[in-house]
Amino acid sequence: MRATVDREVCIGCEFCASTCPKVFTIKMVGEDEKSFPIEGEIPEDVLELALDIETKCPVAAIAIED
Ligand code: SF4
């Protein structure tokens with residue numbers, strides 16, 4: 001499964017990256033912090049964690065899909 005982040009919606013709260021740095025990284029986009037997920041398949045050992053984070057992003061910016 002793969003993660004995507006809608007960066008129009010992401011508020012850069014850093015929750016995803018601090019909880020699961022294997023999948024999410026915060027980068028500056030202009031003056032704003034935004035989350036960038038890894039490209040490609042989410043590693044099996046953090047898939048459950050990533051799916052949990054998807055449900056807890058405060059603005060529902062994360063999608064994890066096949
Ligand atoms: S948890 Fe959601 S709002 Fe916060 S940085 Fe990650 S994608 Fe953005």
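User: What makes up the shell around the ligand, by class?

Analyst: By class, the shell has 10 nonpolar, 2 polar and 1 charged residues. Ala, Val, Leu, Ile, Met, Phe, Trp, Tyr, Cys and Pro count as nonpolar, Asp, Glu, Lys and Arg as charged, and the others, Gly among them, as polar. The model is a predicted one, in which local features need pLDDT of at least 70 and side-chain atom pairs pLDDT 80 or more, while totals for chains, interfaces and linings use all residues. Residues are numbered from 1 along each chain as its sequence is written, and side-chain values use heavy atoms, with hydrogens and water left out.

User: Which residues are the closest to the ligand, and how many surround it?

Analyst: The ligand is surrounded by 13 residues, and the closest are C10, C13, E14, C16 and C57. A residue is near a molecule if one of its heavy atoms lies within 4 Å of it.

User: Why is E14 called partly exposed?

Analyst: Buried means under 20% relative accessible area, exposed over 50%, and partly exposed in between, with a 1.4 Å probe and protein chains only. E14 has 34% relative accessibility, and therefore counts as partly exposed. E14 is found in the loop between β1 and α1, where helices (H or I, at least four residues) and strands (E, at least two) are DSSP runs numbered from the N terminus. Although E14 is not a glycine, its phi is positive, at about 75°.

User: Why is A60 called exposed?

Analyst: The relative accessibility of A60 is 62%, so A60 counts as exposed. A60 lies in the loop between α2 and β4. Its phi is also positive, near 55°, in a residue other than glycine.

User: Why is V29 called partly exposed, and which residues is it in contact with beyond four places in sequence?

Analyst: V29 has a relative accessible area of 39%, so it is partly exposed. V29 belongs to strand β2 (residues 24-29). Leaving aside neighbours within four places in sequence, V29 is in contact with K34 and F36; contact means heavy atoms within 4.5 Å.

User: What makes a set of residues a nonpolar core, and which members of the largest one touch the most others?

Analyst: A nonpolar core is a set of buried Ala, Val, Leu, Ile, Met, Phe, Trp, Tyr and Cys residues joined through side-chain atoms within 4.5 Å. The largest has 17 residues, of which V23, F24, I42 and I62 touch the most other members. The largest share, 4 residues, comes from α2.

User: Which residues of α2 are buried, and what do they pack against?

Analyst: In α2, V46, L47, A50 and I53 are buried. The buried residues of α2 pack against α1, β2 and β4.
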